[in-house]
Amino acid sequence: MADILADPVSQEPDTAPEFPMPRAARCPFDPPPALKELQREAPLTRVRLWDGSEPWLVTRYAEQRAVLGDARVSADTDRPGYPTKASPDAGEGKLSFIMMDDPEHARLRRMVTAPFAIKKIEALRPAVQRIVDGLIDDMLARSGTVDLVEAFALPLPSLVICELLGVPYDDHAFFQDSTKTMVRTTATPAERGAASREVAGYLAELLGKRIADPRDDLLSSIAGRVTAGEIDHRQATEMALLLLIAGHETTANMIALGTLALLEHPDQLALLRETDDPKLVASAVEELLRYLHITHLGRRRAVTEDIEIGGQVIRAGEGVIMANEIANRDPEVFPDPDRLDLTRDARRHVAFGFGVHQCLGQPLARMELQVVYGTLYRRIPTLKLACPLEDVRFKDDAFIYGVHELPVAW
Amino acid sequence: MKVELEADKCVASGQCVLAAMDVFDQDDDGIAILLEDRPAPELLDDVKEAIAVCPAAAIRLVEQ
Ligand code: SF4
């Protein structure tokens, strides 16, 4: 006993908690309770990952924004200390500029920002409204139980990103299957590698066609950069792959998980069902982005120079993970953070990240979600879950959180 | 108060346009442009929101 007291450090077992942490049973919308505890105790703590490494976990809002806005942290997955989500796919290329630092990151990103400007996205709103209405018509023509993911949540963003990129939607079964494998944490590195090579091969071929015969789409504009010698074919393919994947899983999961959250909060759902005020719909979208957390594995970086954050020095070569779902529940920024309140001002959430890597597609995602949340529940006011909540399978096994299926009826 | 925008920091997120339409716009590539560098006092709250949500810290308010 005396020995232990004399030398507490060497006696202390490895206490860094494992990350990611399990969610509380029956509480699919809240961050893991352990994450909440960590946030209460300190803005930064060490956690242990799947490979035994112990990066820093940042749980508070202000500190997360400070790290993500700091040029001394790197998004390059090859950097020493970078905390990987799962074993990397051997021989895989980078997912374009999201895994690069400035100035190369900025150079490549700026090549594809044009279609995501607010006014250009607004111009697409009527077309998105038509797609949403069409999908709802098709759903209403069916009877019995319908899987909202398959019938609505996935087809919408898929149709839109295919249209924007110029990828034939007819091929969707093929690449949706592959992208699903790419974002599944339980897939082996070999499986993920094979899936990503398949879609990359497909996109490389399509890019070749657009180089020869350009059209009015984003793929052709990327192809034009290849022709101009600004990027090579491989970089162009990685960029197209990034846009295709990012356009799929994220919005789809926000639609399905968001609908489930609303069905579980009938008073909030009623607000959307009864309003035609675009301001309330827009605020509902921000609040659901804050409240839900489909990017549940955190934003990851490697520190390239010693930095001090929240009173803690992070050394060069150490990894850092920003758990955005818990930052979005930081009571310092969002009072009563665990309450879903569609009328609150949630615009400062970090659901799209922060800093130079903040989601490029966010204006598109916002607009799609506004059209969906502003239409679906008004058109199907009796929409309800067609199975017990306990039977819904949540995507704890994927890089992007959500539900595998959402059986609904009306 | 004067608004300053460093366009070379901008990552074209459009957040400033959403927060303060009367003060910010975007060029053809989505890069922010300043419509009004001395906005009317009633727009100041919107400008402050734009500053708070700009992911790239590209916008500032300075005492003239
Ligand atoms: S909010 Fe900042 S990064 Fe986004 S468009 Fe405006 S200035 Fe650029």
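Five helices each supply at least two residues of the lining of the second largest pocket, namely α6 (118–140), α14 (278–291) and α16 (362–379) of chain A together with α1 (15–19) and α2 (44–53) of chain B; helices here are DSSP runs of H or I with at least four residues, and strands are runs of E with at least two, numbered from the N terminus. The model is predicted, so local features need pLDDT of at least 70 and side-chain atom pairs count only at pLDDT 80 or more, while totals for chains, interfaces and linings use all residues. Residues are numbered from 1 along each chain as its sequence is written, chains are lettered from A and ligands numbered from 1 in the order in which they are written, and side-chain values use heavy atoms, with hydrogens and water left out.

The largest share of this pocket's lining, 8 residues, comes from α16(A), and of the 31 lining residues those nearest the centre are Pro278(A), Lys279(A), Ala282(A), Gln370(A) and Leu18(B). On a 1 Å grid over the protein atoms alone, a pocket is an open set of points with protein on both sides within 12 Å along at least five of seven lines, a cavity is a set where a 1.4 Å probe fits but cannot get out, and lining residues have an atom within 4 Å of a point.

In α2(B), the residues Val47(B), Glu49(B), Ala50(B), Ala52(B) and Val53(B) are buried, meaning under 20% relative accessible area with a 1.4 Å probe and protein chains only. They pack against α4 (61–68) of chain A and, in chain B, against β1 (2–5), α1, β2 (24–26) and β4 (59–62), where contact means heavy atoms within 4.5 Å.

The search of the whole structure finds 2 cavities of 30 Å³ or more. Closest to the centre of the largest cavity, among its 14 lining residues, are Cys10(B), Val11(B), Ser13(B), Cys16(B) and Cys54(B). The second largest cavity has residues of both chains in its lining, including Arg65(A), Arg347(A), Gln15(B) and Val53(B).

| Space | Volume | Lining by class |
|---|---|---|
| Second largest pocket | about 850 Å³ | 13 nonpolar, 7 polar, 11 charged residues |
| Largest cavity | about 80 Å³ | 11 nonpolar, 3 polar, no charged residues |
| Second largest cavity | about 40 Å³ | 3 nonpolar, 4 polar, 3 charged residues |

A volume is the space filled by probe spheres set on grid points joined across faces, edges and corners. Ala, Val, Leu, Ile, Met, Phe, Trp, Tyr, Cys and Pro count as nonpolar, Asp, Glu, Lys and Arg as charged, and the others, Gly among them, as polar.

The ligand sits in the largest cavity, in that more than half of its atoms lie within 2 Å of the grid points. Its shell of 13 residues has Cys10(B), Ser13(B), Gly14(B), Cys16(B) and Cys54(B) as the closest.

Note on methods
Buried < 20%, exposed > 50% of the residue type's maximum accessible area, 1.4 Å probe, protein only. Near = heavy atom within 4 Å.
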